[in-house]
Amino acid sequence: MKLIRLPALSDNYIWLLCDENKHCVIIDPAESQPVMDTLAANQLIPIAILLTHHHHDHVGGVAGLLKQYPTLPVYGPEETQSKGATHVVHENDLIVTGNFSFQVLALPGHTLGHIAFYQAPYLFCGDTLFSAGCGRLFEGTAEQMFSSLEKIASLPDETLICCAHEYTAANMKFALAVLPENQAISDYHKKIIELRGKDQATVPTTLKIEKKINVFLNCHDIDLQKNIGIKPNSIPLSSVFQQLRAYKDRF
């Protein structure tokens with residue numbers, strides 16, 4: 001399999017996963033033109049579009065792609081039906097198309113119907129987990145998002161986190177504010193500054209890395225709890241997450 005990352009809009013990434021036959025699946029097309037240009041330049045044949053949620057910066061290119069490829073199936077949660085989805089999928093559904101087989105994971109939080117698509121080692125998780133961060137709670141609750149992040153954290157460490165935005169530099173700045181003495185976070189922050197200074201992408205990342213540097217996956221950390229004003233182990237971890245997410249919203 002070959003993974004292609006396409007920059008779109010101001011900070012989005014559109015993902016293409018391609019097999020050896022040049023068949024490809026398109027994930028969260030924010031725009032159609034970058035996708036069509038890449039398909040043409042690489043002689044790729046699209047066989048499906050996958051949508052993680054209904055926000056415009058994830059579905060904006062669907063109409064243009066369907067104009068060019070009118071029979072292309074579009075898989076997504078119920079909330080994407082009005083955005084072009086032709087096949088509604090749910091938790092644990094299996095999408096089998098060509099040489100691809102994606103497990104659907106329900107990840108409510110950023111939106112109520114948000115899902116991810118998992119074909120090991122690739123996880124296309126939209127706006128749920130970012131490198132060093134997580135999505136805002138536009139529709140779901142903190143408890144829902146915390147459970148969604150726990151679900152992702154249960155996947156193998158080698159899982160490639162293919163998120164939909166280049167937010168890592170800002171997220172690392174927040175991580176340093178929360179855990180200023182954490183060496184792994186400090187070292188990774190320097191690496192991210194270097195990458196972004198060269199205008200290089202910081203994703204995909206691995207779940208193994210995220211478990212070390214993503215504060216939202218470390219709500220159990222005693223120093224983290226102390227540093228955001230929580231008496232250690234005094235409240236449920238989902239409540240720690242809620243306060244941490246609120247702190248990030250104000251940061």
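P29 counts as buried, with a relative accessibility of 0%, in a model that is predicted. The residue is found in the loop between β3 (23-27) and α1 (33-42). Leaving aside neighbours within four places in sequence, P29 is in contact with I14, V35, I49, L50, L51, H58, V59, G60, G61, V62 and L65. P29 and A164 are 135 residues apart in sequence, and in space their C-alpha atoms are 9.8 Å apart.

The protein chain is divided into domain 1 (1-89) and domain 2 (107-250), and the centres of the two, taken over C-alpha atoms, are separated by 25 Å. To the contact, domain 1 gives 23 residues and domain 2 gives 25 residues. Between them the domains bury about 1,900 Å², of which 65% is on carbon and sulfur atoms. On the side of domain 1, the residues that lose the most area to domain 2 are Y13, W15 and T52, which together account for 28% of what that side buries.

In soluble globular proteins, nonpolar side chains tend to be buried together. Here the largest nonpolar core has 59 residues, and the members that touch the most other members are F102, F117, L123, F124, V215, F241 and L244. Helix α4 (residues 142-153) supplies the largest share of this core, 5 residues. Domain 1 (1-89) and domain 2 (107-250) both give residues to the core, so it lies between them. Apart from this core lies another, of 21 residues, among them L6, I14, C24 and L39. As for L123, its contacts beyond four places in sequence are L105, A116, F117, Y118, I152, L155, T159, L160, I161 and C162.

**Aromatic rings and charges**

A search of the whole structure finds 12 aromatic pairs. One of them is the stacked pair of F174 and F216, with 6.0 Å centre to centre and 15° between the planes. F174 lies in helix α5 (residues 168-178) and F216 in the loop between α7 (207-213) and α8 (222-227), so the pair ties together parts that are 42 residues apart in sequence. F174 is buried, and F216 is buried too. Elsewhere, ring pairs link Y13, W15, F100, F102, Y122 and F124 into a cluster; among these, Y13 and W15 are also named with T52 as the residues of domain 1 that lose the most area to domain 2, while F102 and F124 are among the members that touch the most others in the largest nonpolar core.

Two of the rings already named, those of Y13 and F174, also have a charged residue over them, as the table sets out.

| Charged residue | Ring | Distance to ring centre |
|---|---|---|
| R5 | Y13 | 5.8 Å |
| K248 | F174 | 5.9 Å |

Is K173, which has its place in helix α5, buried or exposed? K173 is exposed, because its relative accessible area is 54%, and the cut-off for exposed is over 50%. Not counting residues up to four places away in sequence, K173 touches H189 and F251. K173 and D19 are 154 residues apart in sequence, and their C-alpha atoms are 37 Å apart in space. Helix α5 therefore holds both F174, which is buried, and K173, which is exposed.

Terms used: Residues are numbered from 1 along each chain as its sequence is written. This is a predicted model: local features need pLDDT of at least 70, side-chain atom pairs count only at pLDDT 80 or more; totals for chains, interfaces and linings use all residues. Side-chain values use heavy atoms; hydrogens and water are left out. Rings of Phe, Tyr and Trp (its six-membered ring) pair if their centres lie within 6.5 Å; planes under 30 degrees apart count as stacked, over 60 as edge-to-face and the rest as tilted. Helices (H or I, at least four residues) and strands (E, at least two) are DSSP runs, numbered from the N terminus. Buried means under 20% relative accessible area, exposed over 50%, partly exposed in between (1.4 Å probe, protein chains only). A charge sits over a ring if NZ of Lys or CZ of Arg is within 6 Å of the ring centre and within 35 degrees of the ring normal. A nonpolar core is a set of buried Ala, Val, Leu, Ile, Met, Phe, Trp, Tyr and Cys residues joined through side-chain atoms within 4.5 Å. Domain bounds come from an automatic or database domain assignment. Contact means heavy atoms within 4.5 Å. Buried area is the accessible area (1.4 Å probe) that two parts lose on being put together, summed over both.
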